[in-house]
Amino acid sequence: MATTTKKRTVTEKRMYGVWTPWAEVLCFKCHGPKDKRTGEDVSAYFKANLRGSHDGPGFCTRCGEKIWVDETVAHLTRLRKVLGGDMNQTGGMCSALSIANAADTHYAVVTTESGDDVFIGYYTKEAWDHTGDEAIVCYTIPFTSLEVECAAIQAVLTGAAEVPGAKKVMENGVWL
Ligand SMILES: [Zn+2]
């Protein structure tokens, strides 16, 4: 619908957020004016209040404030707002969102690259947290809508045989 399209292109008033090396996505209020490592005053960066070409609308993982942050990270914070879970650093400042199942035995681990599909891995908590072992099963789902992506992630979390809208790409270490 035309109204929806129009709404999406409106540039909202948001400040910049930052994806930290300790796996938080923070607004200025939660981050503070100083860079933790260098002691440098980084207020100007946050207050620039401009949206960069790679930025998308995301949320501070501490207080929920609306921010602009790299779209890959922003996408995961949008999913996190609905599903909960923790942001993870996966090396080289790459981001992942891990969501525990109800029994707290497994995670759905969500990653995404700009312009690419959303990737959902189903891991034992032991494997994701400690051993570095592979996912039990992996799915990809094209960018559709937050609702469709959330439904797929929830299906993965319950160990469902069929994951709506998603394609199984790996099972028990074998890429399909
Ligand atoms: Zn905040």
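Since 7 of the 7 residues of S8 are buried, the strand is largely enclosed by the rest of the structure.

Two notes before moving on. Residues are numbered from 1 along each chain as its sequence is written. This is a predicted model, where local features need pLDDT of at least 70, side-chain atom pairs count only at pLDDT 80 or more, and totals for chains, interfaces and linings use all residues.

Strands and helices on this tour are DSSP runs numbered from the N terminus (strands are E, at least two residues; helices are H or I, at least four).

Now colour the open sheet of 7 strands, ordered S6-S7-S8-S9-S10-S11-S12 with antiparallel pairing. Its edge strands are S6 (86-89) and S12 (174-175), each pairing on one side only. Two strands count as paired if DSSP finds at least two bridges between them.

Go through some of the neighbours:

- S7 to S8: 4 bridges join these antiparallel strands, and serine 98 stands opposite valine 109. The two form a hairpin with 5 residues between them, and aspartate 104 in the turn has a positive phi of about 60°.
- S8 to S9: these pair in the antiparallel sense over 7 bridges. Click valine 109 again and you'll find glycine 121 of S9 opposite.
- S9 (118-124) to S10 (137-141): 5 bridges, antiparallel, with isoleucine 120 opposite tyrosine 139.
- S10 to S11 (167-171): 4 bridges, again antiparallel. Here cysteine 138 stands opposite methionine 170.

Axes are lines fitted to C-alpha atoms, for helices over the stretch in contact, and angles run from 0 to 180 degrees between N-to-C directions.

How do H4 and H6 pack? Their angle is about 65°, with the axes 10 Å apart. To see the contact, select Arg78, Leu79, Val82 and Leu83 of H4 with Leu146, Glu149, Cys150 and Ile153 of H6. Residues are in contact if their C-beta atoms, placed from the backbone, lie within 7 Å.

## Look into the core

Which residues have the most contacts inside the largest nonpolar core? Pick Ala108, Val110, Ile120, Tyr139, Ala152, Ile153 and Val156, out of 38 residues in that core. Such a core is a set of buried Ala, Val, Leu, Ile, Met, Phe, Trp, Tyr and Cys residues joined through C-beta atoms within 7 Å.

Zoom in on alanine 108: not counting residues up to four places away in sequence, it touches Ile99, Ile120, Tyr122, Ile153, Val156 and Leu157.

## Over to the other sheet

Next, select the open sheet of 3 strands, which has the order S1-S5-S4 and mixed pairing. Its edges are S1 (15-16) and S4 (55-59), each pairing on one side only. H4 packs on this sheet too, touching S4 and S5, and its direction makes about 30° with that of S4. S4 and S5 (66-70) pair in the antiparallel sense over 5 bridges, and glycine 56 has valine 69 as its bridge partner in S5.

Stay on S4 and click glycine 58. Is that residue buried or exposed? Glycine 58 is buried, because 27 other C-beta atoms lie within 10 Å. Leaving aside neighbours within four places in sequence, its contacts are Gly17, Val25, Ile67, Val69, Val73, Ala74, Thr77 and Arg78.

## Zoom all the way out

Finally, show the whole protein: 6 helices and 12 strands, with 31% of the 176 residues buried. The C-alpha trace spans about 50 × 45 × 25 Å along its principal axes.

Notes: Contact = placed C-beta atoms within 7 Å. Buried ≥ 20, exposed ≤ 12 C-beta atoms within 10 Å, placed from the backbone.
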